[in-house]
Amino acid sequence: MPSAGIYDAAYADSVNGYLDKKTFGEVELFAGFAPKKPGPILELACAGGRMTKAFATLGYRVVAMDGSPRMIEIGKAHATTLDPEVRKRMHFVLADMRNFLLPIKFRLIMIPFHSFLWVLDEAGAEQCLYCMLKHLTYD
């Protein structure tokens with residue numbers, strides 16, 4: 001995961017500063033695509049879990065994936081400050097979004113903000129999209 005190291009160096013220390021900030025419509029945008037009946041959602045490149053927290057607060061079960069161990073640590077630490085009912089709907093996974101296999105499928109898979117750009121080459125982008133397709137369900 002070469003880009004995770006670059007990401008850690010650039011952003012890990014600043015992530016805590018934005019975890020509780022308003023998202024300027026980002027949650028509302030993705031919520032428009034979310035299933036009406038809360039089902040599992042997959043957030044790729046979750047960083048500190050800002051969107052994970054937002055969707056868990058809305059009642060969705062969220063699997064939050066990131067390739068950076070430090071970002072997963074930050075997300076888990078932040079989750080401990082939340083209401084227990086919200087926290088139990090958040091599950092953090094350390095994995096590369098270009099190559100992952102999870103035991104469940106999702107009705108919504110999202111890569112918020114500009115995080116897809118951390119996949120640094122075309123082959124990696126195709127791998128990521130293929131993994132997403134394998135984990136998507138329509139029921």
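# Briefing on a predicted single-chain model

The chain exposes about 7700 Å² of surface, and carbon and sulfur atoms supply 61% of that area. Of the 139 residues in the chain, 51% are buried.

**Overall fold**

- The chain contains six helices and four strands, and, read from the N terminus, these elements follow one another in the order α-α-β-α-β-α-α-β-β-α.
- When contacts between residues at least 6 apart in sequence are considered, 73% of them join residues that are at least 24 apart.

**Nonpolar cores**

- The largest nonpolar core is made of 18 residues, and the ones with the most contacts inside it are Leu-42, Leu-44, Met-65, Met-97, Phe-100, Leu-102 and Ile-111.
- Two or more residues of this core come from each of strand E1 (40-44), strand E2 (61-66) and helix H6 (122-134), and H6 gives the most, with four residues.
- Leaving aside residues up to four places away in sequence, Leu-42 touches Val-63, Met-65, Phe-100, Leu-102, Phe-106, Leu-108, Ile-109 and Met-110.
- Another core, of 11 residues, lies apart from the largest one, and it includes Val-27, Ala-34, Ala-54 and Phe-55.

**Helix H4 and its buried side**

- In H4, the residues Met-71, Ile-72, Ile-74, Gly-75, His-78 and Ala-79 are buried, and because they cover an arc of only 160° around the axis, they lie on the same side of H4.
- Arg-70 and Glu-73 also belong to helix H4 (residues 69-79), where they are three residues apart, so about one helical turn separates them.
- An α-helix has 3.6 residues a turn, so residues three or four places apart point the same way.

**Salt bridges**

- The structure holds three salt bridges, and the general idea behind them is that side chains of opposite charge can pair when their charged atoms come close.
- Arg-70 pairs with Glu-73, with their closest N and O atoms 3.3 Å apart; Arg-70 is partly exposed at 35% relative accessibility, and Glu-73 is partly exposed as well, with a relative accessible area of 47%.
- Lys-88 and Glu-85 meet through their side chains in a salt bridge of 3.0 Å, N to O; here Lys-88 is exposed, with a relative accessible area of 58%, whereas Glu-85 counts as partly exposed at 43%.
- Asp-96 and Arg-98 form a salt bridge with an N to O distance of 2.5 Å, and Asp-96 is buried, with a relative accessible area of 18%, which falls under the 20% limit used for buried residues.

**Cysteines**

- A disulfide is a covalent bond between the sulfur atoms of two cysteines, and the rule applied here asks for two cysteine sulfur atoms within 2.5 Å.
- By this rule the count of disulfides is zero, and Cys-128 is in no disulfide, its nearest cysteine sulfur being that of Cys-131, 7.0 Å away.
- Seen from the other residue, the closest cysteine sulfur to that of Cys-131 is the one in Cys-128, and at 7.0 Å it is too far for a bond.
- Cys-128 is buried, with a relative accessible area of 0%, and Cys-131 also counts as buried, at 4% relative accessibility.

Methods:
Residues numbered from 1 in each chain as written. Predicted model: local features only at pLDDT ≥ 70, side-chain atom pairs only at ≥ 80, totals over all residues. Heavy atoms only, no water. Buried < 20%, exposed > 50% of the residue type's maximum accessible area, 1.4 Å probe, protein only. Contact = heavy atoms within 4.5 Å. Areas by Shrake-Rupley, 256 points an atom, 1.4 Å probe, with all protein chains shown as cover. Salt bridge = Lys/Arg side-chain N within 4 Å of Asp/Glu carboxyl O. Arc of directions from axis to C-beta. Core = buried A, V, L, I, M, F, W, Y, C linked by side-chain atoms within 4.5 Å.
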